Amino acid sequence: MSTHAKRERLLLADLLDGAGPGAPTLCEGWNTRDLAAHLVVRERRPDAAAGVLVKPLAARLARVQEEFAAKPYEELLQLFRTGPPRMSPFALKQVDEAANSFEFYVHGEDVRRARPEWTPRELDPVFADTLWSRIERGARIFGRRSPVGLVLRRPDGRTAVAHRGVPVVTVTGEPGELALFLSGRQEAARVELEGDKEAVAAAREAKLGV
């Protein structure tokens with residue numbers, strides 16, 4: 001596994017372990033056990049995980065995820081820590097880096113920021129740039145359902161267009177915060193929004209993410 005993805009995997013596993021199986025997360029309707037099951041199914045059951053994008057398979061995904069959620073929590077965490085099976089696409093270094101660094105960072109914040117008291121995680125510049133690269137590549141996929149034009153901006157002025165349209169809302173923040181906003185965690189992201197008042201409200205309530 002690549003450096004960023006491996007680190008984020010272990011950090012997320014530790015967060016899930018420390019929180020315990022019944023703790024809340026920012027994922028609507030999921031506690032930490034549900035999140036752990038999702039992470040394992042995503043890597044180990046591609047036949048079911050496809051239900052995230054393919055609606056006819058959604059029921060199968062829900063069923064398989066429930067089966068995994070019924071396993072002992074410690075077993076789920078061990079399966080996640082161990083990583084994907086050798087034959088899984090996620091076992092490839094390039095796929096691991098591209099798909100998991102961003103995913104695991106966001107889910108780690110799902111656990112951290114669901115707690116009553118939390119402080120922002122300070123990201124090293126290299127990892128911040130890694131997240132920004134992922135944002136640049138996937139912004140339009142994540143922002144495709146935005147009802148308003150959406151521009152993401154780093155404090156240094158670099159921008160990425162998530163959705164073309166008018167009126168336009170500009171969201172400014174560090175890459176980690178923009179990653180959360182673009183993933184549908186708008187209320188938890190520490191960002192500044194500029195634009196028409198109604199457009200800003202619409203951006204905050206938009207169904208962003210995959």
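**View 1. Surroundings of Tyr-105 in the predicted model.** Leaving aside its neighbours within four places in sequence, Tyr-105 is in contact with Glu-8, Asn-100, Arg-113, Arg-121, Leu-123, Phe-127, Leu-131, Gly-176, Glu-177, Ala-179 and Leu-180. A second, separate core of 21 residues includes Leu-16, Leu-61, Val-64 and Phe-104.

**View 2. The largest nonpolar core.** This core has 30 residues, and those touching the most other members are Tyr-105, Ile-135, Leu-150, Val-169, Val-171, Phe-181 and Leu-193. At least two residues each come from helices H6 (93–112), H7 (125–142), H8 and H9 (197–205), and likewise from strands E1 (149–153), E2 (159–163) and E3 (168–172). The most is given by H7, with six residues.

**View 3. Glu-177 in helix H8.** Helix H8 spans residues 175–182 and contains Glu-177. Because its relative accessibility is 9%, under the 20% cut-off, Glu-177 counts as buried. Setting aside neighbours within four places in sequence, the residues in contact with Glu-177 are Tyr-105, Arg-113, Ala-188, Ala-189, Arg-190 and Val-191.

**View 4. Polar contacts of the Glu-177 side chain.** With the side chain of Arg-113, the side chain of Glu-177 makes a polar contact at 2.8 Å. The Glu-177 side chain also reaches the backbone nitrogen of Arg-190, at 2.8 Å. Both arginines, Arg-113 and Arg-190, are among the residues in contact with Glu-177. Arg-113 is also one of the residues in contact with Tyr-105.

Key:
Residues are numbered from 1 along each chain as its sequence is written. This is a predicted model: local features need pLDDT of at least 70, side-chain atom pairs count only at pLDDT 80 or more; totals for chains, interfaces and linings use all residues. Side-chain values use heavy atoms; hydrogens and water are left out. Helices (H or I, at least four residues) and strands (E, at least two) are DSSP runs, numbered from the N terminus. Buried means under 20% relative accessible area, exposed over 50%, partly exposed in between (1.4 Å probe, protein chains only). A polar contact is a pair of N or O atoms within 3.5 Å; within protein, one must be able to donate a hydrogen and the other to accept it, and residues adjacent in sequence count only if both atoms are side-chain atoms. Contact means heavy atoms within 4.5 Å. A nonpolar core is a set of buried Ala, Val, Leu, Ile, Met, Phe, Trp, Tyr and Cys residues joined through side-chain atoms within 4.5 Å.
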